[in-house]
Amino acid sequence: MIRSRIAASAFTLTLATAAIIAAPGRAHSATLYRTYDGTGWHIPTGNGIQYLGTGSWRIQFYDTTSRTTLTPYAKLTAANITKATGVTVTVTTTVTKSTTACPTGRTIIMRLTSTVTRSAGSQCHTATGAADGSRVSIATSNWTAVTLNGSHDIYHRKVVSHELGHSIGLGHPKTWTTNPSPLMRGDVWGGNTTLTTADDYTSQDINGLKALRANATKLRPPAAAINTLNGATTQ
Ligand SMILES: [Zn+2]
C-alpha cells in the first residue's frame with residue numbers, strides 16, 4: 001500500500017516537471033535543466049532521486065551465502081555502471097547484518113533471501129537529491145526457478161543489473177524502443193539475451209545512466225520539488 005502511494009506521487013511530480021521543461025520561453029536554456037525522462041529511461045524524482053554524483057559506491061552483502069552467490073554478478077554490473085557513468089563501484093567482501101532501508105555513504109547491501117517473492121532495490125537520496133545507498137533483496141524463489149532463453153544465468157545477470165540500476169537511481173522507463181528493450185524495463189526483461197550480453201545495459205539504459213550523471217551539474221527545473229519520501233522501494 002505504501003508503494004502505491006509513492007507511485008502516484010511520483011507520477012504527479014513527473015507530469016509537473018515535464019510541463020515545465022516543455023514551456024515555451026524556457027527552451028533556450030533547456031539544456032541547463034535536469035532531465036528525468038527519455039526514450040527507454042526514467043529517473044524517479046518521486047523517490048527523491050535527481051542525479052548521480054561523482055563519489056564512489058561500495059557493495060556489501062547481508063551474509064556469506066549472499067556474498068558467494070551474488071558477487072560474480074555484482075562485479076559484472078559494477079563494471080558496466082562504471083563504464084557508462086565514470087563512477088567507481090567496488091564490490092567488497094564485507095558482510096553486514098544491517099537491515100536499514102537506506103545505508104548511507106553510497107553503500108549497497110545485497111541479500112539473496114526467501115523473505116521476499118519479488119526482487120527489489122530501495123532508492124535513497126541525499127538532501128540535494130543525489131542517489132545514496134540501497135538495499136537490494138533478490139528473491140531466492142525466482143533466482144532458483146526463473147530462466148530466460150532457457151538459462152538461469154541469463155536471468156541472474158539481468159535481475160542483478162536491473163536492481164542495481166534502481167540502486168544508483170534509475171526507475172522503469174515509461175516509453176522505449178524494442179529489440180532490444182531497456183534492461184530497466186522491468187518484468188518484461190528486455191535487453192540483450194545472451195550470456196555475453198545479458199548483464200549489459202542497453203543503449204537506452206546507458207542514455208539514462210548518462211542523464212543521471214549529467215544531472216549532477218545541471219539546475220533543477222523551476223518549481224520542481226523533491227519528494228521527501230526516502231527509502232521508497234521499486235521492483
Ligand atoms: Zn524494477
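Colleague: Where is Asn179 found?

Modeller: Asn179 is found in the loop between helix 4 and helix 5, where helices (H or I, at least four residues) and strands (E, at least two) are DSSP runs numbered from the N terminus. This is a predicted model, in which local features need pLDDT of at least 70 and side-chain atom pairs count only at pLDDT 80 or more, while totals for chains, interfaces and linings use all residues. Residues are numbered from 1 along each chain as its sequence is written.

Colleague: Is Asn179 buried or exposed?

Modeller: Asn179 counts as exposed because it has 6 C-beta neighbours inside 10 Å; a residue is buried if 20 or more other C-beta atoms lie within 10 Å of its own, exposed if 12 or fewer, and partly exposed in between, with C-beta atoms placed from the backbone. Asn179 also has a positive phi of about 55 degrees although it is not a glycine, and the peptide bond from Asn179 to Pro180 is cis, with omega near 0 degrees.

Colleague: Changing topic, how many helices and strands does the chain have?

Modeller: The chain has 5 helices and 8 strands, and from the N terminus on the elements run α-β-β-β-α-β-β-β-β-α-α-α-β. Of the 235 residues of the chain, 46% count as buried.

Colleague: Which residues touch the most other members of the largest nonpolar core?

Modeller: Leu70, Ala74 and Met110 do, out of the 39 residues in that core, a nonpolar core being a set of buried Ala, Val, Leu, Ile, Met, Phe, Trp, Tyr and Cys residues joined through C-beta atoms within 7 Å. Strand 3 (57-61), helix 2, strand 4 (89-95), strand 5 (107-113), strand 7 (134-139), helix 4 and helix 5 each supply at least two residues of this core, and helix 2 gives the most, with 5 residues.

Colleague: What is Leu70 in contact with, leaving aside its neighbours within four places in sequence?

Modeller: Leu70 is then in contact with Phe61, Met110, Leu112, Ile138 and Val160, where two residues are in contact if their C-beta atoms, placed from the backbone, lie within 7 Å.

Colleague: At what angle do helix 2 and helix 4 pack?

Modeller: They pack at an angle of about 55 degrees, with their axes 9 Å apart; axes are lines fitted to C-alpha atoms, for helices over the stretch in contact, and angles run from 0 to 180 degrees between N-to-C directions. That makes helix 2 oblique to helix 4, because angles under 35 degrees count as roughly parallel, over 145 as roughly antiparallel, 65 to 115 as roughly perpendicular and the rest as oblique. Among the residues making the contact are Leu70, Tyr73 and Ala74 of helix 2 and His156, Arg157 and Val160 of helix 4.

Colleague: Last one: what covers the buried residues of helix 5?

Modeller: The cover includes strand 1 (37-38), strand 2 (41-42), helix 2 (64-85) and helix 4 (152-167), and the buried residues of helix 5 include Gln204, Ile206, Leu209 and Leu212.
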